Amino acid sequence: FRWRRMRALDQHWLAQPRFLGGAPTAYERLKLQLVGRPEVVILEVMHEPVDEPAVRALQAQLGLEPGRYVVMCPGGGGDFGHAVDATRVFSAAAERIAASQPRPVVLVLAGAAPDPSPAAPPGPGVRRIDLLPNGQLIGLLRDASVVAVNGGSLLLQCMTQGLPTVAAPIAG
């Protein structure tokens, strides 16, 4: 909320629930009234606490070093009627990424997706996981070098972790 920055921004995102202090202070609200911008968007994101032992066990099982792998996760998916099957798009992208660079790619496919099975088993460099509890998923994402997720709540959860994230909205 610096004066100079406020005039240059359209939106200021707060990715924290209001009850944890995710709202402008009285002084910040006064500055917002005087400048007339930016719009404050409170993202009120919550997730389960990271299950550190389970995350470390999963990383060991998959042969992953923190900070040295990529995660692709289309989220819960669902049938949106008008859109392509995100599970297949993310699966194909994981294969291309794994073939183009040395870091392992973890493809996390939620069981709620309309077709959780890609057409073929994953190729070399791709580690496929069908479903993870949220506390394990957040830890796996947190330790990745980069993640690609859907544009829903998982994107907001990644933002709270400060992750380099690519988002692909799969719903309307």
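**Exercise 1.** In this predicted model, list the residues that Arg-127 touches, not counting residues up to four places away in sequence.

*Solution.* Start with the contacts: Leu-62, Gly-63, Leu-64, Pro-104, Val-105, Val-106 and Leu-107. Then take one partner, Pro-104. Arg-127 and Pro-104 are 23 residues apart in sequence, with 7.3 Å between their C-alpha atoms. Last, check accessibility. Arg-127 has 27% relative accessibility, so Arg-127 is partly exposed.

**Exercise 2.** Trace the salt-bridge network that includes Glu-52.

*Solution.* Begin inside helix H3, residues 52-62, which holds both Arg-56 and Glu-52. The two are four residues apart, about one turn of the helix. Their side chains form a salt bridge at 3.4 Å, N to O. Finish the network: Glu-52, Arg-56, Arg-142 and Asp-143 are its linked members.

**Exercise 3.** Classify Arg-128 and Asp-130 as buried, partly exposed or exposed.

*Solution.* First, the link: the side chains of Arg-128 and Asp-130 form a salt bridge at 2.8 Å, N to O. Then the values. Arg-128 has a relative accessible area of 28%, so Arg-128 is partly exposed. Asp-130 stands at 42% and is also partly exposed.

**Exercise 4.** Find what lies over the face of Trp-3.

*Solution.* Look above the ring: Lys-31 sits there, 5.0 Å from the ring centre.

Technical notes:
Residues numbered from 1 in each chain as written. Predicted model: local features only at pLDDT ≥ 70, side-chain atom pairs only at ≥ 80, totals over all residues. Heavy atoms only, no water. Buried < 20%, exposed > 50% of the residue type's maximum accessible area, 1.4 Å probe, protein only. Contact = heavy atoms within 4.5 Å. Lys NZ or Arg CZ within 6 Å of the ring centre and 35° of its normal. Salt bridge = Lys/Arg side-chain N within 4 Å of Asp/Glu carboxyl O.
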